[in-house]
Amino acid sequence: MKPINVALLAGGFSGEYAVSLNSAKNIAANLGTIDKYKVYTILINRDSWVYENNGETVSVDKNDFSITLNGEKIKFDFAFITVHGTPGEDGKLQGYFDMMGIPYNTCDATTSAITMNKAYTKAIVNGIHGLHTAKSMQLHQRDMHDTATIASTLKFPLFIKPNNGGSSVGMSKVHNVGGLQDAIDKAFHEDSQILIEEFIKGREFSIGIARLKGKITVLPATELITSKEFFDYEAKYSPGFTEEITPADLPAEKVREIAEIVTQVYIRLNCRGMVRVDFILLEGSQDFYFIEINTTPGQSSASLIPQQVRAAGRSVPEFYSELIEGAM
């Protein structure tokens with residue numbers, strides 16, 4: 001049987017470059033245990049797409065998405081995108097592969113572009129039964145920003161974050177109007193649109209959803225408990241700051257309620273493959289507050305999705321294989 005040539009795309013143009021490389025390393029290691037796949041890690045940079053082979057750097061021919069090794073032209077049967085941020089999470093690579101006729105593991109170009117924008121995503125999922133969203137404002141860099149108006153419209157503490165971004169890069173928590181402008185400037189350094197949201201006090205969770213063998217499957221949730229003020233980049237990727245409990249300690253009835261909500265999110269946003277939804281259960285009422293959806297979630301061995309796959313009693317290599325088979 002001819003092996004399936006898988007192009008594993010990593011890198012990208014965002015501050016999550018190193019996170020993407022760690023994801024790719026773990027995916028390659030897991031798919032490498034399955035004989036039917038031959039995996040080639042393709043590094044995506046602004047000025048080049050390359051495959052590194054025993055010290056040799058081979059450029060990708062973007063006209064047909066192929067590489068040439070030892071005089072042999074290798075075309076790819078599947079693209080496994082693990083580029084976090086642009087161009088792998090915002091629809092750009094998805095649009096390219098649609099034009100090339102090459103299947104891939106993520107949501108399509110439209111869903112990827114929409115879900116990259118936190119404000120647009122919140123507007124679409126609004127109205128799902130049992131789902132709540134924090135009161136917020138969206139700002140554009142080209143417009144005037146009056147901190148006094150923001151302070152009178154929203155209730156402190158506030159989260160200020162880039163509207164198109166991940167891994168909490170450029171994100172701040174502000175307790176009063178005095179820190180608002182610096183936080184706005186920091187977020188605008190990462191993106192031309194930012195989102196300002198009221199702080200929701202409660203327990204923070206993340207949960208994976210995937211379509212496996214034609215069925216939407218909700219993985220066990222992870223509770224995130226950090227010693228930092230909020231779950232920022234350092235809390236996510238530096239050891240010792242955050243405790244991750246998988247599966248989360250939740251009553252069975254709450255687990256079922258959460259599964260129904262995130263399934264409806266997956267359906268309404270027309271998701272494909274695997275995604276991860278971050279949410280908070282409000283202190284006291286335990287109401288479900290949507291934070292964001294990640295359509296290219298981290299896949300290092302310690303990342304949340306692999307944790308949840310293992311907690312569900314599933315094999316991580318088989319999980320990746322099912323994603324490929326479902327997309328092909």
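This is a predicted model: local features need pLDDT of at least 70, side-chain atom pairs count only at pLDDT 80 or more; totals for chains, interfaces and linings use all residues.
Residues are numbered from 1 along each chain as its sequence is written, and side-chain values use heavy atoms, with hydrogens and water left out. The protein chain holds 10 helices and 18 strands, where helices (H or I, at least four residues) and strands (E, at least two) are DSSP runs numbered from the N terminus. Its radius of gyration is 20 Å, close to the 20 Å that the globule rule gives for 328 residues, so the chain is as compact as a globular protein of that length; the radius is taken over C-alpha atoms, and the rule is 2.2 Å times the number of residues to the power 0.38. Taken along the principal axes, the C-alpha atoms fill a box of roughly 65 × 45 × 35 Å.

**The five-stranded sheet**

- An open sheet of five strands, with mixed pairing, has the order β4-β3-β2-β1-β7; two strands pair if DSSP finds at least two bridges between them.
- The edges are taken by β4 (56-59) and β7 (78-81), each with a single partner strand, so one side of each is left without a neighbour in the sheet.
- From one strand to the next the twist averages 35°, with angles running from 0 to 180 degrees between N-to-C directions and axes being lines fitted to C-alpha atoms, for helices over the stretch in contact.
- Strand β1 (residues 4-11) runs parallel to strand β2 (residues 37-44), to which eight bridges join it, and β1 is also parallel to β7, with four bridges between them.
- Leu9 stands opposite Ile42 in β2 and opposite Ile81 in β7.
- Helix α1 packs on this sheet, where it touches β1, β2 and β7, and its direction makes about 160° with that of β1; contact means heavy atoms within 4.5 Å.
- Helix α2 (residues 92-100) also packs on the sheet, touching β1, β3 and β7, with a direction at about 175° to that of β7.
- Together β1, helix α1 (residues 17-31) and β2 make a right-handed β-α-β unit, the crossover being right-handed if, with the strands pointing away from the viewer, the path from the first strand over the helix to the second runs clockwise.
- The pairing of β2 with strand β3 (residues 49-53) is antiparallel and rests on three bridges; a hairpin of four residues joins β2 to β3, and Trp49 in β3 is the bridge partner of Ile44.

**The four-stranded sheet**

- Four strands, in the order β9-β12-β10-β11, form an open sheet with antiparallel pairing.
- Its edge strands are β9 (136-140) and β11 (172-174), each with a single partner strand, so one side of each is left without a neighbour in the sheet.
- The twist in this sheet averages 20° from one strand to the next.
- Strand β10 (residues 158-162) and strand β12 (residues 193-198) run antiparallel and are joined by five bridges, and Lys161 has Leu195 in β12 as its bridge partner.
- Helix α4 (residues 118-125) packs on the sheet, touching β9, β10 and β12, and its direction makes about 55° with that of β12.
- Helix α6 (residues 180-188) packs on the sheet as well, touching β9, β10, β11 and β12, at about 25° to the direction of β10.

**Helix pairs**

- The axes of α1 and α10 come within 8 Å and cross at roughly 95°, and the two helices are therefore roughly perpendicular to each other; angles under 35 degrees count as roughly parallel, over 145 as roughly antiparallel, 65 to 115 as roughly perpendicular and the rest as oblique.
- In this contact Asn26, Ile27, Asn30 and Leu31 of α1 meet Val316, Pro317, Tyr320, Ser321 and Ile324 of α10.
- Helix α9 (residues 304-311) and helix α10 (residues 316-327) pack at about 110°, with their axes 9 Å apart; the contact is made by Ile305, Pro306, Val309 and Arg310 of α9 with Val316, Phe319 and Tyr320 of α10.
- Helix α3 (residues 109-116) packs against α4 at an angle of about 105°, with their axes 5 Å apart, and Ile114, Thr115 and Met116 in α3 meet Lys118, Tyr120, Thr121 and Ile124 in α4.
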